[in-house]
Amino acid sequence: MIREEKQALVDELSEKFQSHNAFYIADASGMSVAKINEFRRLCYNRGMEFKVYKNTFIRKALDTLGGDTSEMDAALVGQSGILFSKESGNAPAKLLQDFYKSQNYSKTAVIRPAFKGAYIDSGVYVGADQLSTLSTLKGKNELIGDVIGLLQSPAKNVISALSSGGAKLAGILKTLAEKEEVAG
């Protein structure tokens with residue numbers, strides 16, 4: 001590969017990093033072609049992409065992000081594939097966990113593709129122990145929905161109290177009126 005081809009590959013990877021709010025680094029070495037194809041099909045079905053890159057290309061592309069990505073160096077060892085997601089930061093973590101469950105890995109088996117690290121909205125997460133934490137992260141849209149729900153909640157409670165109070169008051173007045181008619 002000549003220098004221009006390498007630079008074009010780094011530029012392409014940099015553009016993908018810029019256009020995706022989340023990407024995960026995983027090691028798929030040792031997987032059979034059939035298993036890798038099964039994993040890629042699952043990625044495609046969920047709107048994600050998995051592609052293998054050289055660690056040096058990944059490092060050069062990470063340098064273009066502008067933030068401190070030096071922690072990611074721990075993940076750039078051995079074979080590395082990138083799992084890109086446009087929708088949310090937790091989607092790739094959920095995909096990996098679902099794939100692991102579908103493979104029925106034993107406790108002694110080497111799990112592949114092995115999660116090595118993630119970059120989500122300029123946050124760096126490294127290590128297999130981070131995967132379960134990442135799967136529970138809420139995405140930006142989920143957080144906005146929660147905030148809107150919290151803001152609407154007090155207004156709904158006031159309206160509900162007023163409307164139910166009005167019905168109760170009307171019921172009490174009707175009962176009192178009926179009592180006066182019966183008494184009078």
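Student: In this predicted model, which side chain meets Lys16 in a salt bridge?

Tutor: Start with the contact itself: it's a salt bridge with an N to O distance of 2.7 Å. The pair links distant parts of the chain, with Lys16 in helix H1 and its partner in strand S2, 33 residues apart. The side chain that meets Lys16 is Glu49.

Student: Is Lys16 buried or exposed?

Tutor: The cut-off for buried is under 20% relative accessible area. Lys16 comes in at 15% relative accessibility, so Lys16 counts as buried.

Student: And Lys51, which residue does that side chain meet in a salt bridge?

Tutor: Here the N to O distance is 3.5 Å. Lys51 lies in strand S2 (residues 48-53) and the partner in helix H1, so the pair ties together parts that are 39 residues apart in sequence.

Student: How are H1 and H3 oriented to each other?

Tutor: Helix H1 (residues 3-19) and helix H3 (residues 55-63) pack with their axes 8 Å apart, at an angle of about 55°. Their crossing is right-handed. Roughly parallel needs an angle under 35 degrees, and roughly perpendicular runs from 65 to 115. H1 and H3 are therefore oblique.

Student: Which residue is linked with Arg59 and Asp63 in a network of salt bridges?

Tutor: Arg59 and Asp63 both sit in helix H3, four residues apart, about one turn of the helix. Their side chains meet in a salt bridge at 3.0 Å, N to O. The network of salt bridges also takes in Asp73.

Methods:
Residues numbered from 1 in each chain as written. Predicted model: local features only at pLDDT ≥ 70, side-chain atom pairs only at ≥ 80, totals over all residues. Heavy atoms only, no water. Axes fitted to C-alpha atoms, helices over the stretch in contact; angles between N-to-C directions. Helix = DSSP H or I, 4+ residues; strand = E, 2+ residues; numbered from the N terminus. Parallel < 35°, antiparallel > 145°, perpendicular 65-115°, else oblique. Left-handed = near helix turned anticlockwise from the far one by under 90°. Salt bridge = Lys/Arg side-chain N within 4 Å of Asp/Glu carboxyl O. Buried < 20%, exposed > 50% of the residue type's maximum accessible area, 1.4 Å probe, protein only.
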